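Biologist: Could you walk me through this one slowly? I am still new to reading structures.
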Amino acid sequence: MTIAVNTEETGKKIAEAIPGSVISSDKGSLTVDSKALAQVSGFLKDTPGLEFDYLTVLTAVDYLDYFEVVYRLVSLKHNQSLIMKTRVYGRDNPAVPSVTGTWRAAYYQEREIFDLLGIKFDGHPDMRRLLLWEGFAGHPLRRDYL
Amino acid sequence: MPIKTEPFYLNVGPQHPSTHGVFRLRLELDGEVVTDVEPIIGYLHRGIEKLAESRTYTQVIPLTDRLDYLASMTDNVAYCMAVEKLAGIKVPERAEYIRVIFSELMRISSHMMAVGFYLNDCGAFFTPVLYMWREREKIIDLFDMVCGQRLLYNYMRVGGVSQDPPGEFWPALKKFLAEMPRYIGEYNQLIKQNEIFLARSKGVGVLPRDTAINIGASGPVLRASGVKWDIRKMDPYSIYDRFDFEVPTGEAGDCYDRYWVRILEMTQSLRIIEQAISQMPAGGPVCADVPQFFRPPPGETYGYIEAPKGNLGFYIVSDGSIAPYRLHIYPPTLINITALKDMMVGWKVADLIVIFGSMDVVLGEIDR
């Protein structure tokens, strides 16, 4: 069985290594500050005992007040999983650091989120629309898009 | 004086027989050698995720059929399992077994199409596909018996399956199980030692183990690169922990391994089906009592299965209403083609078609 790691313990570990990066760690998921995302993802991938080398789903949800970007990480070595989240506020130009440098699995998924929800991923090598055509107005998966 | 050269740009697709749908590759060529590859997708985008937001949980099931249309049964299963996880619905025992039997039949059928069309891309024009089609037809007939559909089944329901298979289904299934190993032997006889096939696929389009993990590849593509990772084994969902089966892996991660892993998986699927038939309870309900409109508690869930093409997942957010607040589909084939450029650069145009064919992509799932 893929065991979900204890988010509280993992949150403490991350907070010790990168102070101020963890916002909350409860309900089976870990919410990190988007500014520290690149550091946290590197830490999760390289720390012995965690070694989350495999990123599966990367998606985002529009909660109107904020956007939540969700990462599900799996460690093939230890057969454990972790759900990491980050929040981004503001609807005009939301931006989150890209994790493509750590997991290339994010390449298409970040482009898709940019296309459909309008969240920009800073540091992505090719931040363009993926599914819709260039010049399409708006981002359809936002809740206020009708 | 050196001759002035410049790169040649070529579009393969969106309408091209070897792109398996409406997929476009923008190539940069130096003579016949590929120097750059850019996949361009979105020609089949129907906005399924957006459509789902204005439909009830049950009404989304037919939409999931249209994702991977060569394996719609497993798409149904993945979605229904995610909703059941969200709403806390328990599936009757008999329905679980029926789901396993149909998922594995679907896997065999999907792998047959993958291998058949892959050989087509290698240049064995349509003869292997017809051999594969002969047995796939029998699986399709089995599906036709239970739901009257041959491609988009819409057979699974939240809480179980729509109906018990009819009486004539079981003898037909047993006949298929008895015949199938002989047919797999026939495929091996035809393909496995074929020199042209070996020359076109051994060592071609290698996806190294570390790259495969880093790009998040899954399914036969990941296992061909030597990673023993099958969700049915590593994180058993439904009742997969009750069956005894192997997880075949490759070594080199080349086109040949991707073909061979699929052939080996067919045999394992047959084993699972045989065990499921013998363990299955004789009678009982096949669907839990789920109302037409139900309201899962607010929250979120991620349900995932080992679909024929890889790790297929549904991320659902509920706000307590009768429709999902947000539905995200995690498509295995889109993730598998992330490293397409690494695999194709340096090969000739003819090899590019072979490499792409070995990835087994379905555009309904990539574009959603």
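Modeller: Let us begin with a term: helices, of at least four residues, and strands, of at least two, are DSSP runs that are numbered from the N terminus. Please keep in mind that this is a predicted model. With that naming, Asn154(B) is found in the loop between helix H5 (127–147) and strand S4 (156–157) of chain B.

Biologist: What is the phi of Asn154(B)?
Modeller: Asn154(B) has a positive phi of about 50°, although this residue is not a glycine. In general, most residues other than glycine have a negative phi.

Biologist: And why does Asn154(B) count as partly exposed?
Modeller: Because 17 other C-beta atoms lie within 10 Å of Asn154(B), it is partly exposed; being buried would take 20 or more, and being exposed 12 or fewer.

Biologist: Which loop of chain A holds Asn79(A)?
Modeller: Asn79(A) sits in the loop between strand S5 (66–75) and strand S6 (80–89) of chain A, and it also has a positive phi of about 50° without being a glycine.

Biologist: New topic: what is the order of the strands in the open sheet of chain B?
Modeller: The order of this three-stranded open sheet is S6-S7-S8, and the pairing is antiparallel. Strand S6 (299–307) and strand S8 (326–330) of chain B are at the edges with a single partner strand each, so one side of each has no neighbour in the sheet.

Biologist: How many bridges join S6(B) to S7 of chain B?
Modeller: Nine bridges join S6(B) to strand S7 (residues 310–318) of chain B, and Tyr302(B) has Tyr315(B) in S7(B) as its bridge partner.

Biologist: Which helix lies across S6 and S7 of chain B?
Modeller: That is helix H3 (residues 72–87) of chain B, which runs at about 150° to S6(B).

How values were computed: Residues numbered from 1 in each chain as written. Chains lettered and ligands numbered in written order. Predicted model: local features only at pLDDT ≥ 70, side-chain atom pairs only at ≥ 80, totals over all residues. Pairing = 2+ DSSP bridges. Contact = placed C-beta atoms within 7 Å. Axes fitted to C-alpha atoms, helices over the stretch in contact; angles between N-to-C directions.
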